[in-house]
Amino acid sequence: MPAQTTIPATSGAFVGDLQLPKTVKVHNLNHYFGEGELRKQALFNNNLEVRRGEIVIMTGPSGSGKTTLLTLIGTLRTAQEGSLKVLGNELQGCDRDLIVRVRRELGFIFQAHNLFESLTAYQNVNMAAELLGIDPSIAQGRIKSLLTRLGLGERIHYKPKSLSGGQKQRVAIARGLVHKPKLILADEPTAALDEQSGREVVTLFQELARDEGATIIMVTHDNRILDVADRIVNMVDGHIKSDVAVLEASVICDFLKDIPLFGQQTPTTLADIADQMLVHEAEPGEVIIRQGDPGDLFYLIRSGSVEVRIHDGKQERKVAELKEGQYFGEAALITDEPRNATIVTREKSIFYALGKEKFRAVLAASPTFEQELRQALFSRQ
Amino acid sequence: MNTPLAWKNITHNKARTAIGVAGVGFAVILIFMQIGFKGAIKKTATQIYDALEFDLMLRSPAYLHLTEPRYFPRSRVYQAASLQEVEHARPFYLGLSEWQAPISHEIQATDKPADPDDPAGQWRSIITMGTEPYNPAFKRDDICKLTPKLSDPRFVLVDSESKPEYGPVSGTEFTAADIGVETSLGPERVSIVGLFRLGTGMASNGACLTSPEGYVRACPWQTLDEVNFGLLKLRNPNSAASVKRKLQQMFGIPEQVSNAESFKNHDAATLTNVDVEILTREEVNAHEEYRWVVDTPLGQIFQLGVYVALFVGVAIVYQVLSSDIANMMGEYATLKAMGYSNKYLTRVVLEQSILLAIVGYLPSLLVSTILYEVVEAESGMPMFMTWQIMLSVLLLAIGMCVASGLGALRKLYQADPADLF
């Protein structure tokens with residue numbers, strides 16, 4: 001049997017450039033508010049890994065702990081239990097100096113803009129540039145071009161009092177980005193903005209992610225900007241309910257769509273199936289399925305290749321080779337018979353596996369097209 | 001870190017800053033006044049001594065303070081004069097006598113004609129000094145020029161700083177118009193032959209100067225042989241300490257009662273059979289200050305006043321600064337979240353506090369200087385705005401603001417930035 005993990009297939013943990021460092025590693029993180037009898041747990045066993053250059057969108061109902069997790073990652077709260085690594089620094093139990101150093105590499109865009117009333121837009125943004133000792137002439141150019149891009153070119157030297165809510169928000173965004181932070185944390189950055197400036201902000205985020213390798217984590221309810229997300233994290237009641245790499249999920253769905261068994265399913269069902277799959281890793285020459293064993297899993301090949309061997313009583317012979325995007329193991333689940341062939345890896349491979357129960361449940365529960373349409377129309381409201 | 005954040009914060013919200021300045025200013029004026037009063041008491045103690053010429057002073061070991069000097073044998077002064085280091089040795093008489101106001105203004109106010117011989121004229125206690133007319137013990141030329149006028153025991157010079165209750169002709173202060181007026185000093189009649197300007201602060205409301213013979217007329221409980229002070233002027237003022245030791249040997253004063261601390265310990269001196277003690281000018285001043293500032297309730301009241309003013313000042317400034325900082329807590333927390341260190345935030349708040357202290361201090365200095373003048377004119381207390389007072393009040397004001405600012409910052413130090421937005 002290959003090494004079975006509890007990592008969901010959609011996490012994307014085993015695809016892409018595996019060498020990319022993790023900007024954020026959250027492991028078994030718990031967080032509590034209050035003291036004594038009023039102590040209330042806000043985060044439960046959160047696990048999250050974010051790679052360099054990824055854009056992560058955190059969603060969930062209010063009170064689900066998104067902002068708490070965001071502020072913990074942003075060092076604005078003290079980590080209590082579990083492990084929290086940001087830019088390679090363990091923040092749990094670290095000293096103040098380290099926190100101050102980490103903060104300087106972060107760009108935080110707060111829900112409350114908190115601009116200094118006594119400083120102009122330019123000076124407010126400059127507070128961030130000064131801190132890192134950026135050469136004043138370079139800083140000046142960068143501040144001006146940022147503010148201009150954000151539509152504040154005319155108002156560079158205005159004080160917050162003379163700016164609208166959206167304009168203040170954009171100044172705060174410029175302040176969070178001017179020092180080219182390695183990790184940008186944004187809490188509802190587009191909430192106070194119209195569609196056009198909201199789009200400009202996320203485009204800026206994308207450029208920073210692509211050109212500077214900045215990692216971006218944002219909490220948002222704004223579904224206009226979902227398209228920029230590399231990863232969508234959904235939180236409910238302090239638990240990370242799902243953590244989906246958008247690209248990987250769509251790759252899996254594409255694979256599944258090509259499988260005749262699942263061909264009739266709607267995208268929502270396919271995404272549900274993808275969510276249920278777990279990652280299996282295998283070394284070259286490992287036996288994944290042995291002929292005659294009872295069948296319990298359905299396999300999709302994410303990467304690598306396998307040989308299909310059938311033993312006809314006298315000798316074992318190779319009957320086929322399967323590659324990325326192909327699948328095996330479905331027959332025994334449908335017919336409830338033992339495995340009818342042996343599968344051996346030819347190289348280091350990654351499989352996404354679906355349990356028997358879930359496999360059957362999906363098939364049984366597959367709704368009709370009409371039902372699905374009703375669902376889609378309902379949820380559009 | 002070029003943005004002058006502290007300065008911007010101060011200048012941005014003018015109303016808020018004005019309240020801060022007013023708060024600081026109020027506290028500063030309060031402190032200035034209390035320190036001024038306390039200084040006036042100190043000054044009171046030494047004002048007359050400052051006008052006298054001496055490097056060493058002989059006086060009775062039973063000396064209490066300026067207006068209770070007690071007396072000792074005049075022969076001690078002549079003995080001291082025998083030392084060749086002593087240039088002059090002058091007896092000086094000083095005591096409280098009774099002065100009858102030649103013109104009683106309360107009576108005048110009822111339109112009754114003023115009668116200089118009216119035995120019902122108001123009696124006031126007055127500092128009476130006696131010095132040789134042709135060898136006065138004063139070091140001020142303006143007074144020395146006047147003393148030859150005291151050619152008769154019936155003649156007195158009056159301090160023009162004396163209060164109106166002593167009955168000047170003008171009704172407010174003694175002027176040239178008072179010269180020639182007759183009145184009673186003690187049991188005898190005297191006539192005013194001139195005016196000098198000295199001021200006695202809180203020791204008394206008025207003073208007059210006469211000859212030794214005049215003095216014993218005014219204070220009949222004393223004879224010419226019993227003097228209150230012996231003022232020694234030395235050829236070399238720096239030799240005061242060594243001459244003092246010589247005199248002690250000459251007078252047979254044991255060492256232990258003649259040390260500098262003897263003034264705190266009168267008993268030791270009176271227990272020994274010594275009729276005189278010898279003090280340098282520094283010791284005299286120190287004793288007098290100690291007597292007025294520490295021993296008497298007067299000094300303690302104003303010393304306490306300084307503490308109360310400080311306490312009130314800190315309370316006001318803390319209120320102003322902490323609400324100022326509380327208003328900007330979100331902004332400071334943002335700076336902290338951006339990676340500004342506590343050190344930087346402390347600096348900003350300290351700068352802001354110090355700026356507020358200075359901005360509040362300057363107008364208060366002006367107001368206090370005017371108030372000093374007013375108080376001095378009204379009460380005759382010698383209020384002086386010295387640079388020591390200015391500096392120490394400035395430091396106190398800055399200290400007050402800094403302490404309050406830091407107190408208000410505590411919250412920012414301890415809390416996570418996320419809790420402060």
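User: What makes a residue of chain B count as buried, and what share of the 421 residues does so?

Analyst: In this predicted model, a residue is called buried if 20 or more other C-beta atoms lie within 10 Å of its own, exposed if 12 or fewer do, and partly exposed in between, with the C-beta atoms placed from the backbone. By that count, 45% of the 421 residues of chain B are buried, and for chain A the share is 40% of 381 residues. Because the model is predicted, local features need pLDDT of at least 70 and side-chain atom pairs count only at pLDDT 80 or more, whereas totals for chains, interfaces and linings use all residues. Residues are numbered from 1 along each chain as its sequence is written, while chains are lettered from A and ligands numbered from 1 in the order in which they are written.

User: Why is Val56(A) called buried?

Analyst: Val56(A) has 23 C-beta neighbours inside 10 Å and therefore counts as buried. This residue belongs to strand 4 of chain A, residues 55-59, where helices (H or I, at least four residues) and strands (E, at least two) are DSSP runs numbered from the N terminus. Leaving aside residues up to four places away in sequence, Val56(A) touches Val50(A), Ile216(A), Ile217(A), Ala229(A), Asp230(A), Arg231(A) and Val233(A), a contact being two C-beta atoms, placed from the backbone, within 7 Å. Between Val56(A) and Thr215(A), 159 residues apart in sequence, the C-alpha to C-alpha distance is 8.1 Å.

User: Is Asp336(A) buried or exposed, and what makes it so?

Analyst: Asp336(A) has 11 C-beta neighbours inside 10 Å, so this residue counts as exposed. Its place is the loop between helix 9 (330-335) and strand 18 (342-345) of chain A. The C-alpha atom of Asp336(A) is 9.8 Å from that of Lys356(A), 20 residues away along the chain.

User: How do you know how confident the predictor is in chain A?

Analyst: The score is pLDDT, the predictor's confidence in each residue, from 0 to 100. Chain A has a mean pLDDT of 85, with 92% of its residues at 70 or more. Within chain A, the lowest confidence falls in helix 11 (residues 369-379), with a mean of 64, and the highest in strand 9 (residues 215-219), at 92.

User: Why are helix 10 and helix 13 of chain B called oblique to each other?

Analyst: Helix 10 (residues 297-327) and helix 13 (residues 387-414) of chain B pack at an angle of about 45 degrees, with 8 Å between their axes. Axes are lines fitted to C-alpha atoms, for helices over the stretch in contact, and angles run from 0 to 180 degrees between N-to-C directions. Angles under 35 degrees count as roughly parallel, over 145 as roughly antiparallel, 65 to 115 as roughly perpendicular and the rest as oblique, and these two helices are therefore oblique. The residues of this contact divide into 12 nonpolar, five polar and no charged, where Ala, Val, Leu, Ile, Met, Phe, Trp, Tyr, Cys and Pro count as nonpolar, Asp, Glu, Lys and Arg as charged, and the others, Gly among them, as polar.

User: Which hand does the crossing of helix 10 and helix 13 of chain B have?

Analyst: Helix 10 of chain B passes helix 13 of chain B in a right-handed crossing; a crossing is left-handed if the near helix is turned anticlockwise from the far one by less than a right angle, and right-handed if clockwise. The crossing of helix 12 of chain B with helix 13 of chain B is likewise right-handed, with axes that come within 8 Å and cross at roughly 145 degrees. The residues of that contact comprise 17 nonpolar, seven polar and no charged.

User: What makes helix 3 and helix 4 of chain A oblique to each other?

Analyst: The axes of helix 3 (residues 121-131) and helix 4 (residues 136-149) of chain A cross at roughly 125 degrees and come within 10 Å, and the two helices are therefore oblique. Their contact involves Ala121(A), Tyr122(A), Val125(A), Asn126(A) and Ala129(A) of helix 3, together with Ala139(A), Ile143(A) and Leu147(A) of helix 4. By class, seven of these residues are nonpolar, one is polar and none is charged.

User: How many residues of chain B are in contact with chain A, and which helix of chain B gives the most?

Analyst: In chain B, 19 residues are in contact with 21 residues of chain A. Helix 11 of chain B gives the most to this side, with six residues. The residues on the chain B side divide into eight nonpolar, eight polar and three charged.
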